[in-house]
Amino acid sequence: KRLKEKISSGGTSTLRVSTRNEMLEEWAERLLTYLHWNGVAMVEFKYNDQTKKGWFIEINPRFWGSLALPYYAGMDFPWLYYQILRDGDISFTDNYKEGIRVKWLLGGMIAFADNLFNDNKIDLNHLKLNANYYDDFSWNDPLVLFGELAYYGEKFMKSFKLNPTKDSFLNIDDI
């Protein structure tokens with residue numbers, strides 16, 4: 001479940017929590033079964049907690065950007081996929097823990113700067129270290145964050161933009 005995003009109307013998550021939604025899980029399974037899908041896929045939905053309504057967004061035949069969340073929550077999808085490729089069918093595992101929070105630190109910094117410079121809003125929640133784990137920082141390999149800073153810094157210097165156009169996103173609260 002996305003808790004914070006780079007753009008308030010949707011897009012890349014900067015803070016997320018592991019959770020379950022049986023309705024959306026069933027929809028995803030039915031879609032992939034109908035398509036005779038075999039392999040990695042990210043099935044994305046928008047979900048409104050107040051109305052309990054969900055909307056199908058897309059299926060991407062690849063691993064997803066927030067892959068660290070299921071990993072830290074106990075589901076190592078790349079490892080499971082490797083085992084399937086190596087061994088064929090494997091026994092089902094459900095080690096998934098709910099309530100694990102994972103944050104993209106640099107994404108939070110970008111969201112803070114975007115809110116400040118483009119919307120004249122100060123949202124300090126984007127800068128809080130309020131997660132169990134981080135996408136782009138670990139004491140085991142702290143240089144990842146600096147490499148990411150250099151990459152995004154170069155992109156910013158070429159375009160002078162922090163985010164995609166806000167009008168290109170679906171705001172689930174407006175539906």
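This is a predicted model: local features need pLDDT of at least 70, side-chain atom pairs count only at pLDDT 80 or more; totals for chains, interfaces and linings use all residues.
1. Phe 146 is found in helix H5.

2. Helix H5, which runs over residues 143–159, gives the patch its largest share, namely three residues.

3. Helix H5 itself is worth a look along its length. It has 17 residues, and the distance from its first C-alpha to its last is 25 Å. That is close to the 24 Å expected at 1.5 Å a residue. What follows H5? The answer is Phe 160, and its phi is positive, near 55°.

4. Now to the charged side chains. How many salt bridges does a search of the whole structure find? It finds 10, and a few of them are described in the next points.

5. Take Glu 26 and Arg 30, whose side chains meet in a salt bridge at 3.8 Å, N to O. Why are these two separated by about one helical turn? Both belong to helix H1 (residues 22–34), and they are four residues apart there, so about one helical turn lies between them. Glu 26 is partly exposed, its relative accessible area being 44%, whereas Arg 30 is exposed at 55%.

6. Arg 86 and Asp 87 make another pair: their side chains meet in a salt bridge with an N to O distance of 2.8 Å. Are these residues buried or partly exposed? Arg 86 counts as partly exposed at 44% relative accessibility, and Asp 87 counts as partly exposed at 46%.

7. Some salt bridges share partners, and in this way Arg 2, Glu 5 and Glu 44 are joined into one network. Within it, Arg 2 forms a salt bridge with Glu 5, and their closest N and O atoms are 3.1 Å apart. The two partners fall into separate classes: Arg 2 is partly exposed, with a relative accessible area of 36%, while Glu 5 counts as buried at 15%, because buried means under 20%.

Methods:
Residues are numbered from 1 along each chain as its sequence is written. Side-chain values use heavy atoms; hydrogens and water are left out. The expected span of a helix is 1.5 Å times one less than its number of residues. A salt bridge is a side-chain nitrogen of Lys or Arg within 4 Å of a carboxyl oxygen of Asp or Glu. Buried means under 20% relative accessible area, exposed over 50%, partly exposed in between (1.4 Å probe, protein chains only).
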